[in-house]
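The sequence and the structure come first, and notes on selected features follow.

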Amino acid sequence: MTDSALRQPRPRPDSFAELFTPKLVTSLREGYDGKRFVADVVAGLTVAIVALPLAMGIAIASGTTPDRGLFTAIVAGFIISAFGGSRFQIGGPTAAFIVVVYRTIETHGYDGLIVATLIAGLILIAIGYLRLGTYIKYIPYPVTIGFTAGIGITIFVSQVADLFGLTTAKLPGEFVAKVEALWAAMPTLNPFAVALSAISLGLILGLRHYRPKWPGFLIAVVLASVATAVFALDVVTIGSKFGGIPRVPPTPQFPALSLAGVKAVLPDAITIAILAGIESLLSAVVADGMTGRRHRSNCELVAQGFANVGSALIGGLPATGAIARTATNIRSGSTGPISGVLHAVFLLVFVLVAAPLASYVPLAVLAAILAIVAWNMSEVHVVWRLLQNSGWGDRVVLTATMLLTVFYDLTVGIEVGVVLSAILFMHHMAEAVAVEAHGQAGALPGGMIGRDQADDDGRPYDPSQQTREDVVVYRISGPFFFGAANQLSTTLSRIGTRPKRLVLDFSAVPLVDTTGAATLRGVVEDMRKRGADVVLTGMSRPVRRSLVRFGIRRPEVSVLTAPTVEIALAQMDHQELAAE
């Protein structure tokens, strides 16, 4: 197989209209029938059942009323699915915003949060239309893990009061002061709340293990609410604390703006925009990995921006793509954006029909749900693996980002993490230049920056597409670091057929960082699931050591030591003949 045979054709430039055409339009152009609609109805209903308790719990944990979360999920969820650049994205309020929203309300009041959300939406729209969304993908992996773990820790601590039924004044936003206030309130522990929390946690985790397709969150909420009403348990409920949930959606209203007010909330607006951009694109990438389709990052960010503007106009919360709900949507059989639109419609029906019943929901069960969400966000196993297998630099980046997020500020944590990653990368590059001075500089095929592309294949989504047995070889040149790792996934997604063997030539790669290794590990796992062999060749000893440390070793990959592509293929052929 020659280099000319492997060379990708230069893609034609896509028009503005093609790049920003919503995936909903693309999906309908492919052909939409009754069978797909039924599948999307089932998926939309399933996601709505999952989103219902989450939206209320997130709003309460953010320091506001549960109806704000529900109407955010309805309005923002509809806009994100109808106008976004991802086929399967489910949007709404997410746990990642709890820390930012709580702090913004505490500092500027709820009106300040609305203004910040509006500005964040406009920032996201500008980023999308300026086609800058691609750069958000280059947040280093340890930084992403660090700030999500920090957010998870903070969310869990914020739920302790409701988990134990503590009687407290409004908790401070600062982490240490919050822990001190919770500790001082421990004598007010409510045994009924503790029992509800413990039973709810056990029920949700048990259903997740033994009946993973059952809506564990909703089942726990219903049973806890019934028990509270039947036995008249002395616990705080949505009705006793908030007076219930209104059935009528709020009337859109433009917030009062002033130059002083905008300047005051601008830092929080930037934080919301950054977090919304990062989480929405992470969610879209997860969806791509589960389905084999590609999202358009800039179109997605524009939709996220309009969703946040729409949420602000109804007095809602910041919104973004929700990774867990998006994954649930795909697993439930979604065929495209219609399921996300229907999820918003189902939520609206729930509010209109069953709003009075929400008054019986105890806060303890919502706290139990958010405790599980916080644990999932923390990704303890990933943090532990990185701390064990990464170099000292990545450990410092992860730890600094996490601690700054918990004890100081999310924005500062991300900024410091990115700066430390840049310094670490420059250090690695200096070492690589010293060792590989005789090497030839280069970059990944297609350039460092991946391009958004319009949908022009006209293929409807079909999870049962069959593979064609062949061999595909890619030669990677240059450092495989956090800025270039995305290009491997992008390039592989352009393969017209799914290969029997994927050969990656690392002979011109001087170094691999943690993000590159994590991306490669995902590629290896995905190809193995498809029944394909992955062959890595031409690696230097430091690169091989980095990959092995991250778990990329036999039998997950077939050849690790072959110096050239030709030798690797010959070894594979010899192994096949020997097996026969």
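Predicted model: local features only at pLDDT ≥ 70, side-chain atom pairs only at ≥ 80, totals over all residues.

Residues are numbered from 1 along each chain as its sequence is written, and side-chain values use heavy atoms, with hydrogens and water left out.

**The chain overall**

- The protein chain has 24 helices and 5 strands; helices (H or I, at least four residues) and strands (E, at least two) are DSSP runs, numbered from the N terminus.
- Of its 580 residues, 52% count as buried, where buried means under 20% relative accessible area, exposed over 50%, and partly exposed in between (1.4 Å probe, protein chains only).
- Among contacts between residues at least 6 apart in sequence, 85% join residues at least 24 apart; a contact means heavy atoms within 4.5 Å.

**Helices H4 and H16**

- Helix H4 (residues 34-61) packs against helix H16 (residues 338-354) at an angle of about 50°, and their axes are 7 Å apart.
- Axes here are lines fitted to C-alpha atoms, for helices over the stretch in contact, and angles run from 0 to 180 degrees between N-to-C directions.
- H4 and H16 are therefore oblique to each other, given that angles under 35 degrees count as roughly parallel, over 145 as roughly antiparallel, 65 to 115 as roughly perpendicular and the rest as oblique.
- Residues of H4 in the contact include Phe37, Leu45 and Leu52, and those of H16 include Ile338, Phe346 and Phe350.
- By class, the contact of H4 with H16 has 14 nonpolar, 3 polar and 1 charged residues; Ala, Val, Leu, Ile, Met, Phe, Trp, Tyr, Cys and Pro count as nonpolar, Asp, Glu, Lys and Arg as charged, and the others, Gly among them, as polar.

**Helices H18 and H19**

- The axes of H18 and helix H19 (residues 392-407) cross at roughly 145° and come within 8 Å.
- Val383, Leu386, Leu387 and Gln388 of H18 make this contact with Arg395, Leu398 and Thr399 of H19.
- The contact of H18 with H19 consists of 4 nonpolar, 2 polar and 1 charged residues.

**The sheet**

- Three strands form an open sheet in the order S3-S4-S5, with parallel pairing; two strands pair if DSSP finds at least two bridges between them.
- Strand S3 (471-477) and S5 are the edge strands, each pairing on one side only.
- Neighbouring strands of this sheet are turned by 20° against each other on average, direction ignored.
- S3 is joined to S4 by 6 bridges, and Arg475 stands opposite Asp505 in S4.
- Strand S4 (residues 501-508) is joined to S5 by 5 bridges, with Arg501 partnered by Asp533 in S5.
- In strand S5 (residues 533-537), 4 of the 5 residues are buried, so S5 is largely enclosed by the rest of the structure.

**Two loop residues with positive phi**

- Most residues other than glycine have a negative phi.
- Ala232 has a positive phi of about 50° although it is not a glycine, and it lies in the loop between helix H11 (216-230) and helix H12 (238-242).
- Ala232 is exposed, with a relative accessible area of 63%.
- Glu379, also not a glycine, has a positive phi of about 45°, and its place is the loop between helix H17 (363-378) and helix H18 (380-389).
- Glu379 is partly exposed, with a relative accessible area of 29%.
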